[in-house]
Amino acid sequence: MAFPSFQDDAAILLAAIGSSQRSSTSVRSVLGTWDMINVDVPSRQMIESAAGALQRAGLVVIDDEWGLRPTAEGVRLRRTPRGVSMRGLPTAIGKLLPPLTPDPSVVMPQEIYDVALEDYLHPKPLLPRWLTGLFR
């Protein structure tokens, strides 16, 4: 049995991944979008269980590097709510999700999460150091 916010986590994750079947969304990107939507950085276990349940339901595909890509059904479900803000999108998606169950066989390697979290919390500067020093 999933905990009460499990369905919410899956809805947030589906809202956080891209809306195209052609490109995958990195864990780093998921962290940033999830934080923007929910004002909280998700744990590895939250992403892992939500992704596993969405994959089991046929709504996302997880590649070897933990890139997340919606399936055709995931894209359809994600695009169904119209005129909804990004913060309201998980609630709208959550109403459309089928009942989900976690898939314990889906495990995100700790190092993938750690690298993504470090990059999210301490992003690399967009400009070289010598150039950013000129603007201080």
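V39 counts as exposed, because its relative accessibility is 59% and the cut-off for exposed is over 50%. Keep in mind as you look that this is a predicted model. To find V39, go to the loop between α2 and α3, the latter spanning 44-56. The backbone deserves a glance here: phi of V39 is near 50°, a positive value in a residue other than glycine.

Now turn to W66, in the loop between β1 (60-62) and β2 (68-70). Here too phi is positive in a residue other than glycine, with a value near 65°. Is W66 buried or exposed? With a relative accessible area of 5%, W66 is buried, since buried means under 20%.

Next, the helices. Two packed helices are described by the angle between their axes and the distance between the axes. For helix α1 (residues 6-16) and helix α2 (residues 27-38), the axes come within 9 Å and cross at roughly 120°. That angle makes α1 oblique to α2, because the range for roughly perpendicular runs from 65 to 115 degrees and roughly antiparallel begins over 145. The crossing of α1 past α2 is right-handed.

Which residues make the contact? From α1 come D9, I12, L13, A15 and A16, and from α2 come V30, T33, W34, I37 and N38.

Conventions
Residues are numbered from 1 along each chain as its sequence is written. This is a predicted model: local features need pLDDT of at least 70, side-chain atom pairs count only at pLDDT 80 or more; totals for chains, interfaces and linings use all residues. Side-chain values use heavy atoms; hydrogens and water are left out. Axes are lines fitted to C-alpha atoms, for helices over the stretch in contact, and angles run from 0 to 180 degrees between N-to-C directions. Helices (H or I, at least four residues) and strands (E, at least two) are DSSP runs, numbered from the N terminus. Angles under 35 degrees count as roughly parallel, over 145 as roughly antiparallel, 65 to 115 as roughly perpendicular and the rest as oblique. A crossing is left-handed if the near helix is turned anticlockwise from the far one by less than a right angle, and right-handed if clockwise. Contact means heavy atoms within 4.5 Å. Buried means under 20% relative accessible area, exposed over 50%, partly exposed in between (1.4 Å probe, protein chains only).
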